[in-house]
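I opened the file to look up a few points of packing and the surroundings of the ligand. My entries follow in the order I checked them.

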Amino acid sequence: MKHLPAFFSLAGHHALVAGGTPAAVQRARLVVAAGGTLTVAAPRLDSAFDDLRRQSPFDWQPRWPDAADFTQARLAFIATGDPIRDETLAAMARELRVPVNVTDQPRISDFIMPAIVDRGEVVVGVSTGGASPVLARLVRARIERALPARLAELGAFAARFRDTARALLRDVAARRRFWEHVLDGPIGQLVLAGREQAAREAMLVALNRPANERGPVGSVAIVGAGPGDPDLLTLRALDALQRADVVLYDELAGREVLDRARRDAELVYVGKQKARHSRSQDEINALMAAHARAGKQVVRLKGGDPFIFGRGGEELEYLRAHGIAATVVPGVTAALACAAASGIPLTHREHASAVTFVTGYLKNGEPAADWATLAQSRQTIVVYMGVSAAATVRDRLLEAGLARTTPVAIIENGSRPDQKVSVGTLGALTALAARHANGGPALMIIGDVAALADVAHAKPALAEAS
Ligand SMILES: C[S@@+](CC[C@H](N)C(=O)[O-])C[C@H]1O[C@@H](n2cnc3c(N)ncnc32)[C@H](O)[C@@H]1O
(Lines give C-alpha, C1' and ligand atoms only; values in the text may rest on other atoms or scores of the structure.)
Protein backbone atom coordinates (compact mmCIF):
# COMPACT_ATOMS: atom_id res chain seq x y z
CA MET A 1 0.00 0.00 0.00
CA LYS A 2 1.62 3.23 -1.14
CA HIS A 3 -0.87 5.66 0.39
CA LEU A 4 -2.93 5.85 3.54
CA PRO A 5 -6.63 5.53 2.60
CA ALA A 6 -8.47 8.19 4.63
CA PHE A 7 -11.62 10.27 4.22
CA PHE A 8 -10.92 13.93 4.88
CA SER A 9 -13.56 16.13 6.49
CA LEU A 10 -13.85 19.34 4.50
CA ALA A 11 -17.28 20.51 5.68
CA GLY A 12 -17.06 24.16 6.68
CA HIS A 13 -13.39 24.40 5.68
CA HIS A 14 -11.69 26.16 2.86
CA ALA A 15 -9.96 24.62 -0.16
CA LEU A 16 -8.00 26.20 -2.99
CA VAL A 17 -8.12 25.13 -6.61
CA ALA A 18 -5.31 26.57 -8.71
CA GLY A 19 -6.18 26.46 -12.39
CA GLY A 20 -9.10 27.05 -14.71
CA THR A 21 -8.87 23.81 -16.69
CA PRO A 22 -11.58 21.11 -17.05
CA ALA A 23 -9.53 18.99 -14.62
CA ALA A 24 -9.66 21.88 -12.13
CA VAL A 25 -13.48 21.96 -12.42
CA GLN A 26 -13.64 18.30 -11.40
CA ARG A 27 -11.64 19.04 -8.26
CA ALA A 28 -13.74 22.14 -7.54
CA ARG A 29 -16.93 20.07 -7.83
CA LEU A 30 -15.62 17.54 -5.31
CA VAL A 31 -14.76 20.31 -2.84
CA VAL A 32 -18.31 21.66 -3.09
CA ALA A 33 -19.85 18.14 -2.85
CA ALA A 34 -17.87 17.54 0.35
CA GLY A 35 -19.27 20.74 1.89
CA GLY A 36 -16.07 22.81 1.59
CA THR A 37 -15.85 26.50 0.67
CA LEU A 38 -13.90 27.17 -2.46
CA THR A 39 -11.48 29.67 -3.96
CA VAL A 40 -10.45 29.19 -7.55
CA ALA A 41 -7.35 31.10 -8.62
CA ALA A 42 -6.62 31.31 -12.33
CA PRO A 43 -6.55 34.16 -14.89
CA ARG A 44 -9.18 32.38 -17.02
CA LEU A 45 -11.81 29.76 -16.28
CA ASP A 46 -12.93 27.04 -18.67
CA SER A 47 -16.62 27.34 -19.60
CA ALA A 48 -17.18 24.08 -17.67
CA PHE A 49 -16.99 26.28 -14.53
CA ASP A 50 -20.20 28.11 -15.56
CA ASP A 51 -22.50 25.30 -14.39
CA LEU A 52 -20.75 24.99 -11.07
CA ARG A 53 -20.93 28.74 -10.52
CA ARG A 54 -24.68 28.69 -11.16
CA GLN A 55 -25.21 25.81 -8.72
CA SER A 56 -22.93 27.07 -5.95
CA PRO A 57 -21.21 30.43 -6.32
CA PHE A 58 -17.52 30.40 -5.33
CA ASP A 59 -14.75 32.91 -4.91
CA TRP A 60 -12.82 33.44 -8.15
CA GLN A 61 -9.46 35.24 -8.10
CA PRO A 62 -8.54 36.01 -11.74
CA ARG A 63 -4.78 35.54 -11.19
CA TRP A 64 -2.44 32.74 -10.13
CA PRO A 65 -2.54 32.01 -6.38
CA ASP A 66 -0.11 33.57 -3.92
CA ALA A 67 1.10 32.46 -0.49
CA ALA A 68 -1.91 34.04 1.27
CA ASP A 69 -4.30 31.93 -0.82
CA PHE A 70 -2.49 28.78 0.22
CA THR A 71 -2.31 29.58 3.95
CA GLN A 72 -6.09 30.11 4.11
CA ALA A 73 -6.72 26.63 2.68
CA ARG A 74 -6.91 23.27 4.38
CA LEU A 75 -6.20 21.51 1.08
CA ALA A 76 -4.97 22.65 -2.28
CA PHE A 77 -5.54 21.23 -5.74
CA ILE A 78 -3.39 22.26 -8.67
CA ALA A 79 -4.45 21.74 -12.27
CA THR A 80 -3.13 24.70 -14.30
CA GLY A 81 -2.41 22.65 -17.43
CA ASP A 82 1.23 23.90 -17.39
CA PRO A 83 3.62 21.35 -15.78
CA ILE A 84 6.22 23.99 -14.84
CA ARG A 85 3.64 26.25 -13.17
CA ASP A 86 2.13 23.18 -11.45
CA GLU A 87 5.53 22.34 -10.02
CA THR A 88 6.21 25.90 -8.79
CA LEU A 89 2.81 26.15 -7.10
CA ALA A 90 3.16 22.67 -5.54
CA ALA A 91 6.53 23.73 -4.06
CA MET A 92 4.88 26.84 -2.60
CA ALA A 93 2.09 24.78 -1.01
CA ARG A 94 4.54 22.32 0.48
CA GLU A 95 6.68 25.11 1.95
CA LEU A 96 3.55 26.48 3.62
CA ARG A 97 2.61 22.94 4.81
CA VAL A 98 -0.69 22.83 2.95
CA PRO A 99 -1.39 19.29 1.64
CA VAL A 100 -1.46 19.45 -2.13
CA ASN A 101 -2.70 17.34 -5.00
CA VAL A 102 -1.44 17.98 -8.52
CA THR A 103 -3.56 16.44 -11.26
CA ASP A 104 -1.77 13.58 -13.03
CA GLN A 105 1.46 14.22 -11.11
CA PRO A 106 1.60 11.81 -8.15
CA ARG A 107 5.36 12.47 -7.83
CA ILE A 108 4.78 16.03 -6.59
CA SER A 109 1.46 15.37 -4.79
CA ASP A 110 1.06 14.86 -1.03
CA PHE A 111 -2.15 12.99 -1.61
CA ILE A 112 -3.76 11.44 -4.66
CA MET A 113 -7.41 11.40 -5.56
CA PRO A 114 -9.10 8.02 -5.88
CA ALA A 115 -11.67 7.03 -8.51
CA ILE A 116 -14.90 7.56 -6.60
CA VAL A 117 -18.16 5.61 -6.38
CA ASP A 118 -20.61 8.01 -4.78
CA ARG A 119 -23.81 6.67 -3.24
CA GLY A 120 -24.56 9.47 -0.80
CA GLU A 121 -23.55 8.27 2.65
CA VAL A 122 -21.69 5.37 1.06
CA VAL A 123 -18.54 6.39 -0.78
CA VAL A 124 -15.95 4.02 -2.22
CA GLY A 125 -12.54 5.30 -3.25
CA VAL A 126 -10.31 3.23 -5.54
CA SER A 127 -6.60 3.89 -5.88
CA THR A 128 -3.79 2.17 -7.73
CA GLY A 129 -1.23 4.28 -5.91
CA GLY A 130 -0.95 6.52 -8.95
CA ALA A 131 0.21 3.57 -11.09
CA SER A 132 -2.76 3.58 -13.46
CA PRO A 133 -5.72 5.94 -13.17
CA VAL A 134 -7.36 4.03 -16.06
CA LEU A 135 -7.18 0.77 -14.08
CA ALA A 136 -8.68 2.58 -11.08
CA ARG A 137 -11.55 3.73 -13.29
CA LEU A 138 -12.12 0.20 -14.60
CA VAL A 139 -12.26 -1.14 -11.04
CA ARG A 140 -14.64 1.66 -10.15
CA ALA A 141 -16.91 0.70 -13.07
CA ARG A 142 -17.11 -2.85 -11.72
CA ILE A 143 -17.96 -1.59 -8.26
CA GLU A 144 -20.57 0.75 -9.75
CA ARG A 145 -22.22 -2.26 -11.38
CA ALA A 146 -22.06 -4.34 -8.22
CA LEU A 147 -23.51 -1.71 -5.87
CA PRO A 148 -27.25 -1.07 -6.02
CA ALA A 149 -28.16 2.38 -7.30
CA ARG A 150 -30.25 3.13 -4.21
CA LEU A 151 -27.44 2.44 -1.73
CA ALA A 152 -27.51 6.14 -0.83
CA GLU A 153 -31.17 5.80 0.18
CA LEU A 154 -30.27 2.77 2.29
CA GLY A 155 -27.56 4.78 4.03
CA ALA A 156 -29.97 7.65 4.69
CA PHE A 157 -32.61 5.18 5.93
CA ALA A 158 -30.14 3.65 8.41
CA ALA A 159 -29.12 7.12 9.61
CA ARG A 160 -32.77 8.04 10.25
CA PHE A 161 -33.33 5.08 12.58
CA ARG A 162 -29.90 5.02 14.17
CA ASP A 163 -30.77 6.87 17.40
CA THR A 164 -34.04 4.97 17.89
CA ALA A 165 -32.30 1.62 17.43
CA ARG A 166 -29.58 2.67 19.89
CA ALA A 167 -32.19 3.67 22.47
CA LEU A 168 -34.23 0.46 22.10
CA LEU A 169 -31.37 -2.03 21.69
CA ARG A 170 -28.86 -1.36 24.41
CA ASP A 171 -26.77 -4.49 23.90
CA VAL A 172 -24.10 -3.70 21.28
CA ALA A 173 -23.92 -7.24 19.80
CA ALA A 174 -27.71 -7.50 19.59
CA ARG A 175 -27.83 -4.12 17.89
CA ARG A 176 -25.20 -5.16 15.35
CA ARG A 177 -27.17 -8.35 14.57
CA PHE A 178 -30.36 -6.32 14.25
CA TRP A 179 -28.76 -3.95 11.73
CA GLU A 180 -27.34 -6.88 9.76
CA HIS A 181 -30.83 -8.33 9.44
CA VAL A 182 -32.30 -4.98 8.50
CA LEU A 183 -29.72 -3.93 5.91
CA ASP A 184 -29.16 -7.36 4.39
CA GLY A 185 -32.76 -8.55 4.67
CA PRO A 186 -36.22 -7.69 3.42
CA ILE A 187 -36.29 -4.19 4.88
CA GLY A 188 -33.08 -3.29 3.06
CA GLN A 189 -34.51 -4.86 -0.10
CA LEU A 190 -37.61 -2.68 0.15
CA VAL A 191 -35.45 0.46 0.36
CA LEU A 192 -33.32 -0.67 -2.58
CA ALA A 193 -36.50 -1.34 -4.57
CA GLY A 194 -37.64 2.25 -3.92
CA ARG A 195 -40.44 1.26 -1.51
CA GLU A 196 -39.41 3.57 1.30
CA GLN A 197 -42.82 3.80 2.98
CA ALA A 198 -43.20 0.00 3.19
CA ALA A 199 -39.63 -0.22 4.51
CA ARG A 200 -40.38 2.36 7.20
CA GLU A 201 -43.47 0.45 8.33
CA ALA A 202 -41.54 -2.84 8.43
CA MET A 203 -38.76 -1.13 10.38
CA LEU A 204 -41.16 0.12 13.04
CA VAL A 205 -42.56 -3.40 13.39
CA ALA A 206 -39.04 -4.84 13.69
CA LEU A 207 -37.95 -2.27 16.28
CA ASN A 208 -41.01 -2.91 18.42
CA ARG A 209 -40.70 -6.70 18.30
CA PRO A 210 -39.76 -8.32 21.64
CA ALA A 211 -36.03 -9.09 21.93
CA ASN A 212 -36.52 -12.89 21.73
CA GLU A 213 -38.31 -12.52 18.38
CA ARG A 214 -35.67 -10.42 16.68
CA GLY A 215 -34.16 -13.25 14.64
CA PRO A 216 -33.76 -13.13 10.88
CA VAL A 217 -36.95 -12.19 9.05
CA GLY A 218 -37.67 -14.18 5.92
CA SER A 219 -38.93 -12.74 2.68
CA VAL A 220 -39.67 -13.72 -0.89
CA ALA A 221 -38.32 -12.05 -4.01
CA ILE A 222 -40.29 -13.00 -7.12
CA VAL A 223 -37.53 -12.71 -9.65
CA GLY A 224 -37.62 -12.63 -13.45
CA ALA A 225 -34.87 -14.89 -14.80
CA GLY A 226 -35.09 -13.53 -18.35
CA PRO A 227 -35.13 -15.87 -21.35
CA GLY A 228 -32.30 -18.15 -20.20
CA ASP A 229 -29.15 -16.23 -21.16
CA PRO A 230 -27.55 -15.34 -17.79
CA ASP A 231 -26.13 -12.13 -19.26
CA LEU A 232 -29.72 -10.91 -19.60
CA LEU A 233 -30.36 -11.10 -15.85
CA THR A 234 -30.88 -7.68 -14.29
CA LEU A 235 -28.35 -6.55 -11.69
CA ARG A 236 -31.07 -6.73 -9.05
CA ALA A 237 -31.99 -10.28 -10.03
CA LEU A 238 -28.34 -11.28 -9.73
CA ASP A 239 -28.13 -9.64 -6.34
CA ALA A 240 -31.26 -11.49 -5.15
CA LEU A 241 -29.87 -14.81 -6.42
CA GLN A 242 -26.61 -14.23 -4.63
CA ARG A 243 -28.24 -13.56 -1.29
CA ALA A 244 -30.86 -16.35 -1.54
CA ASP A 245 -31.08 -19.19 0.99
CA VAL A 246 -33.63 -21.03 -1.14
CA VAL A 247 -34.39 -20.77 -4.86
CA LEU A 248 -37.72 -22.18 -6.07
CA TYR A 249 -37.38 -22.42 -9.84
CA ASP A 250 -39.20 -23.77 -12.86
CA GLU A 251 -37.80 -25.11 -16.14
CA LEU A 252 -37.77 -21.79 -17.97
CA ALA A 253 -35.21 -20.41 -15.50
CA GLY A 254 -32.40 -22.32 -17.21
CA ARG A 255 -29.35 -24.07 -15.74
CA GLU A 256 -26.94 -21.25 -16.52
CA VAL A 257 -29.08 -18.77 -14.61
CA LEU A 258 -29.27 -21.11 -11.63
CA ASP A 259 -25.48 -21.31 -11.65
CA ARG A 260 -25.48 -17.63 -10.67
CA ALA A 261 -27.26 -18.36 -7.38
CA ARG A 262 -25.32 -18.41 -4.10
CA ARG A 263 -23.22 -21.54 -3.99
CA ASP A 264 -24.86 -22.96 -0.87
CA ALA A 265 -28.41 -21.93 -1.72
CA GLU A 266 -30.96 -24.76 -1.70
CA LEU A 267 -32.30 -25.16 -5.26
CA VAL A 268 -35.82 -26.58 -5.41
CA TYR A 269 -37.47 -27.47 -8.72
CA VAL A 270 -41.15 -26.54 -8.67
CA GLY A 271 -41.83 -26.61 -12.41
CA LYS A 272 -44.65 -28.28 -14.18
CA GLN A 273 -42.80 -30.37 -16.77
CA LYS A 274 -44.59 -33.56 -17.72
CA ALA A 275 -41.58 -35.84 -17.20
CA ARG A 276 -40.79 -34.52 -13.72
CA HIS A 277 -42.70 -34.45 -10.49
CA SER A 278 -44.76 -31.31 -10.65
CA ARG A 279 -46.22 -29.14 -7.94
CA SER A 280 -49.54 -27.37 -7.94
CA GLN A 281 -49.69 -23.61 -7.53
CA ASP A 282 -51.06 -24.11 -4.01
CA GLU A 283 -48.06 -26.24 -3.11
CA ILE A 284 -45.67 -23.65 -4.51
CA ASN A 285 -47.39 -20.91 -2.52
CA ALA A 286 -47.22 -22.95 0.66
CA LEU A 287 -43.54 -23.71 0.09
CA MET A 288 -42.66 -20.04 -0.38
CA ALA A 289 -44.51 -19.13 2.79
CA ALA A 290 -42.97 -21.94 4.86
CA HIS A 291 -39.41 -21.01 3.92
CA ALA A 292 -40.00 -17.31 4.52
CA ARG A 293 -41.57 -18.01 7.91
CA ALA A 294 -38.49 -20.02 8.81
CA GLY A 295 -36.49 -16.80 8.33
CA LYS A 296 -35.09 -17.66 4.91
CA GLN A 297 -34.47 -15.35 1.97
CA VAL A 298 -36.47 -17.03 -0.77
CA VAL A 299 -36.13 -16.38 -4.47
CA ARG A 300 -39.07 -17.50 -6.58
CA LEU A 301 -37.32 -17.63 -9.93
CA LYS A 302 -39.53 -17.45 -13.01
CA GLY A 303 -38.65 -17.43 -16.70
CA GLY A 304 -38.79 -14.06 -18.46
CA ASP A 305 -40.71 -11.50 -16.45
CA PRO A 306 -42.82 -12.69 -13.51
CA PHE A 307 -45.75 -10.47 -14.45
CA ILE A 308 -46.01 -11.58 -18.09
CA PHE A 309 -47.86 -14.89 -18.38
CA GLY A 310 -45.95 -16.02 -15.31
CA ARG A 311 -48.53 -16.19 -12.49
CA GLY A 312 -46.30 -13.79 -10.57
CA GLY A 313 -49.35 -11.69 -9.76
CA GLU A 314 -51.13 -14.59 -8.07
CA GLU A 315 -48.05 -15.43 -6.03
CA LEU A 316 -47.64 -11.83 -4.91
CA GLU A 317 -51.30 -11.66 -3.88
CA TYR A 318 -50.90 -14.86 -1.86
CA LEU A 319 -47.78 -13.58 -0.06
CA ARG A 320 -49.41 -10.24 0.73
CA ALA A 321 -52.53 -11.96 2.03
CA HIS A 322 -50.35 -14.06 4.34
CA GLY A 323 -48.33 -11.10 5.66
CA ILE A 324 -45.03 -12.18 4.08
CA ALA A 325 -42.63 -9.48 2.89
CA ALA A 326 -42.33 -9.76 -0.87
CA THR A 327 -40.66 -7.85 -3.66
CA VAL A 328 -40.79 -8.29 -7.42
CA VAL A 329 -37.72 -8.08 -9.64
CA PRO A 330 -38.58 -7.62 -13.31
CA GLY A 331 -36.96 -9.71 -16.01
CA VAL A 332 -36.47 -9.51 -19.76
CA THR A 333 -39.61 -11.08 -21.13
CA ALA A 334 -39.33 -13.65 -23.95
CA ALA A 335 -40.89 -11.30 -26.53
CA LEU A 336 -38.19 -8.69 -26.05
CA ALA A 337 -35.38 -11.23 -25.91
CA CYS A 338 -36.58 -13.13 -28.99
CA ALA A 339 -37.13 -9.93 -30.92
CA ALA A 340 -33.62 -8.71 -30.14
CA ALA A 341 -32.02 -12.09 -30.81
CA SER A 342 -33.69 -12.42 -34.21
CA GLY A 343 -33.36 -8.78 -35.26
CA ILE A 344 -37.12 -8.12 -35.35
CA PRO A 345 -38.10 -4.66 -34.07
CA LEU A 346 -41.51 -5.06 -32.40
CA THR A 347 -42.52 -1.55 -33.43
CA HIS A 348 -41.23 0.28 -36.46
CA ARG A 349 -42.15 3.67 -37.87
CA GLU A 350 -42.99 2.11 -41.23
CA HIS A 351 -44.49 -1.22 -40.23
CA ALA A 352 -46.05 -1.30 -36.75
CA SER A 353 -47.21 1.37 -34.33
CA ALA A 354 -48.33 -1.03 -31.59
CA VAL A 355 -47.46 -4.42 -30.18
CA THR A 356 -49.66 -6.84 -28.25
CA PHE A 357 -48.55 -9.84 -26.21
CA VAL A 358 -51.16 -12.63 -26.17
CA THR A 359 -51.20 -16.16 -24.93
CA GLY A 360 -52.03 -18.93 -27.37
CA TYR A 361 -52.91 -21.16 -24.45
CA LEU A 362 -56.21 -22.78 -25.29
CA LYS A 363 -59.17 -22.50 -22.97
CA ASN A 364 -62.02 -24.73 -24.09
CA GLY A 365 -60.11 -25.27 -27.34
CA GLU A 366 -59.82 -21.54 -28.11
CA PRO A 367 -57.03 -19.02 -27.43
CA ALA A 368 -58.55 -16.27 -25.27
CA ALA A 369 -57.90 -13.31 -27.55
CA ASP A 370 -59.86 -10.60 -29.28
CA TRP A 371 -58.96 -11.49 -32.87
CA ALA A 372 -60.77 -8.58 -34.51
CA THR A 373 -58.67 -6.10 -32.51
CA LEU A 374 -55.50 -8.09 -33.07
CA ALA A 375 -56.04 -8.17 -36.82
CA GLN A 376 -55.91 -4.37 -37.04
CA SER A 377 -53.27 -3.18 -39.47
CA ARG A 378 -49.90 -1.84 -38.38
CA GLN A 379 -49.62 -3.82 -35.22
CA THR A 380 -47.35 -6.65 -34.15
CA ILE A 381 -48.82 -9.67 -32.39
CA VAL A 382 -46.56 -11.76 -30.16
CA VAL A 383 -48.10 -15.10 -29.23
CA TYR A 384 -46.67 -16.84 -26.15
CA MET A 385 -47.37 -20.56 -25.65
CA GLY A 386 -48.95 -20.62 -29.08
CA VAL A 387 -47.00 -23.06 -31.24
CA SER A 388 -49.24 -26.03 -30.51
CA ALA A 389 -52.28 -23.85 -31.23
CA ALA A 390 -50.86 -22.52 -34.52
CA ALA A 391 -53.76 -23.81 -36.67
CA THR A 392 -56.38 -22.11 -34.49
CA VAL A 393 -54.37 -18.86 -34.29
CA ARG A 394 -53.99 -18.83 -38.10
CA ASP A 395 -57.69 -19.53 -38.73
CA ARG A 396 -58.93 -16.90 -36.27
CA LEU A 397 -56.59 -14.20 -37.64
CA LEU A 398 -57.54 -14.99 -41.26
CA GLU A 399 -61.23 -14.89 -40.34
CA ALA A 400 -60.65 -11.51 -38.69
CA GLY A 401 -59.23 -10.17 -41.96
CA LEU A 402 -55.45 -10.48 -41.69
CA ALA A 403 -53.83 -11.29 -45.07
CA ARG A 404 -52.43 -14.78 -45.71
CA THR A 405 -49.19 -13.09 -46.80
CA THR A 406 -48.65 -11.44 -43.40
CA PRO A 407 -45.07 -12.24 -42.33
CA VAL A 408 -44.58 -14.55 -39.34
CA ALA A 409 -41.51 -15.64 -37.38
CA ILE A 410 -41.23 -18.42 -34.81
CA ILE A 411 -38.36 -18.15 -32.36
CA GLU A 412 -37.51 -21.19 -30.28
CA ASN A 413 -35.07 -21.08 -27.36
CA GLY A 414 -34.64 -17.36 -27.96
CA SER A 415 -31.32 -15.92 -26.73
CA ARG A 416 -29.96 -19.40 -25.92
CA PRO A 417 -27.14 -21.14 -27.80
CA ASP A 418 -29.66 -23.51 -29.45
CA GLN A 419 -31.92 -20.71 -30.70
CA LYS A 420 -33.89 -21.65 -33.82
CA VAL A 421 -35.77 -19.13 -35.98
CA SER A 422 -38.19 -19.86 -38.83
CA VAL A 423 -39.82 -17.22 -41.00
CA GLY A 424 -42.79 -17.54 -43.33
CA THR A 425 -46.33 -16.26 -43.79
CA LEU A 426 -49.55 -16.52 -41.83
CA GLY A 427 -51.02 -18.77 -44.49
CA ALA A 428 -48.21 -21.27 -43.90
CA LEU A 429 -48.20 -20.98 -40.14
CA THR A 430 -49.03 -24.60 -39.32
CA ALA A 431 -46.20 -25.95 -41.50
CA LEU A 432 -43.87 -23.45 -39.89
CA ALA A 433 -45.00 -24.44 -36.40
CA ALA A 434 -44.47 -28.13 -37.19
CA ARG A 435 -40.73 -27.42 -37.31
CA HIS A 436 -40.89 -26.42 -33.66
CA ALA A 437 -43.16 -29.15 -32.35
CA ASN A 438 -41.63 -30.87 -29.31
CA GLY A 439 -38.79 -28.33 -29.21
CA GLY A 440 -37.88 -25.79 -26.52
CA PRO A 441 -40.01 -22.80 -25.53
CA ALA A 442 -41.05 -20.87 -28.62
CA LEU A 443 -43.10 -17.83 -29.51
CA MET A 444 -44.60 -16.44 -32.68
CA ILE A 445 -44.20 -12.90 -33.95
CA ILE A 446 -46.92 -12.00 -36.47
CA GLY A 447 -46.93 -8.80 -38.50
CA ASP A 448 -44.93 -6.91 -41.12
CA VAL A 449 -41.94 -6.53 -38.79
CA ALA A 450 -41.39 -10.32 -38.90
CA ALA A 451 -40.11 -9.88 -42.47
CA LEU A 452 -37.17 -7.96 -40.99
CA ALA A 453 -35.87 -11.06 -39.18
CA ASP A 454 -32.14 -11.51 -39.41
CA VAL A 455 -32.22 -14.17 -42.14
CA ALA A 456 -28.65 -15.23 -41.43
CA HIS A 457 -30.05 -16.86 -38.28
CA ALA A 458 -33.39 -17.89 -39.71
CA LYS A 459 -34.45 -20.93 -41.67
CA PRO A 460 -35.55 -19.94 -45.23
CA ALA A 461 -39.16 -18.86 -45.65
CA LEU A 462 -41.67 -21.60 -46.29
CA ALA A 463 -43.89 -21.47 -49.29
CA GLU A 464 -47.51 -21.25 -48.29
CA ALA A 465 -48.95 -24.69 -47.77
CA SER A 466 -52.47 -24.51 -49.10
C1 LIG B 1 -45.52 -19.55 -19.11
S2 LIG B 1 -44.95 -18.48 -20.33
C3 LIG B 1 -43.82 -17.56 -19.39
C4 LIG B 1 -43.42 -16.30 -20.00
C5 LIG B 1 -42.39 -15.56 -19.21
N6 LIG B 1 -42.93 -15.12 -17.96
C7 LIG B 1 -41.80 -14.39 -19.98
O8 LIG B 1 -42.00 -13.24 -19.56
O9 LIG B 1 -41.13 -14.60 -20.97
C10 LIG B 1 -43.94 -19.55 -21.25
C11 LIG B 1 -43.83 -19.16 -22.72
O12 LIG B 1 -42.93 -18.08 -22.87
C13 LIG B 1 -42.27 -18.20 -24.13
N14 LIG B 1 -40.83 -18.29 -23.87
C15 LIG B 1 -40.20 -18.29 -22.69
N16 LIG B 1 -38.87 -18.33 -22.85
C17 LIG B 1 -38.65 -18.36 -24.17
C18 LIG B 1 -37.48 -18.41 -24.98
N19 LIG B 1 -36.26 -18.42 -24.45
N20 LIG B 1 -37.63 -18.43 -26.33
C21 LIG B 1 -38.86 -18.40 -26.89
N22 LIG B 1 -39.99 -18.36 -26.18
C23 LIG B 1 -39.90 -18.34 -24.84
C24 LIG B 1 -42.81 -19.45 -24.80
O25 LIG B 1 -43.90 -19.06 -25.60
C26 LIG B 1 -43.28 -20.24 -23.60
O27 LIG B 1 -44.27 -21.19 -23.96
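What is the strand order of the open sheet of five strands, and is the pairing parallel or antiparallel? I noted first that this is a predicted model. I read the order as β3-β2-β1-β4-β5, and the pairing is parallel. The edges are held by β3 (59–61) and β5 (100–102); each has a single partner strand, so one side of each lacks a neighbour in the sheet. From one strand to the next I find a twist that averages 20°.

V40 is found opposite W60 in β3.

Next I checked what covers the sheet. Helix α4 (residues 83–95) lies across β1 (14–18), β4 (75–78) and β5. Relative to β5, α4 runs at about 170°.

I moved on to helix α6 (residues 151–168) and its packing against helix α9 (residues 196–208). The angle between α6 and α9 is about 20°, and their axes are 12 Å apart. Angles under 35 degrees count as roughly parallel, and α6 and α9 are therefore roughly parallel to each other. Their crossing is right-handed. On the α6 side I listed E153, F157, F161, T164, A165 and L168; α9 brings E196, A199, M203 and L207 to the contact. By class, the residues of this contact of α6 with α9 are seven nonpolar, one polar and two charged.

How do the axes of α6 and helix α7 (residues 172–183) cross? They come within 12 Å and cross at roughly 150°. The cut-off for roughly antiparallel is over 145 degrees, and α6 and α7 are therefore roughly antiparallel to each other. The crossing of α6 and α7 is right-handed. In this contact L154, A158, A165 and R166 of α6 meet R175, F178 and L183 of α7. I classed the residues of the contact of α6 with α7 as five nonpolar, no polar and two charged. A165 of α6 is listed in the contact with α9 and again in the contact with α7.

My last entry is on the ligand. How many residues surround the ligand, and which are the closest? I count 24 residues, the closest being G304, G310, T333, A334 and G414. At least two residues of the shell come from each of α14 (334–342), β17 (407–412) and β19 (442–446). The shell around the ligand divides into twelve nonpolar, eight polar and four charged residues.

Technical notes:
Residues are numbered from 1 along each chain as its sequence is written. This is a predicted model: local features need pLDDT of at least 70, side-chain atom pairs count only at pLDDT 80 or more; totals for chains, interfaces and linings use all residues. Axes are lines fitted to C-alpha atoms, for helices over the stretch in contact, and angles run from 0 to 180 degrees between N-to-C directions. Helices (H or I, at least four residues) and strands (E, at least two) are DSSP runs, numbered from the N terminus. Angles under 35 degrees count as roughly parallel, over 145 as roughly antiparallel, 65 to 115 as roughly perpendicular and the rest as oblique. A crossing is left-handed if the near helix is turned anticlockwise from the far one by less than a right angle, and right-handed if clockwise. Two residues are in contact if their C-beta atoms, placed from the backbone, lie within 7 Å. Ala, Val, Leu, Ile, Met, Phe, Trp, Tyr, Cys and Pro count as nonpolar, Asp, Glu, Lys and Arg as charged, and the others, Gly among them, as polar. Two strands pair if DSSP finds at least two bridges between them. A residue is near a molecule or strand if its C-beta atom, placed from the backbone, lies within 6 Å of it.
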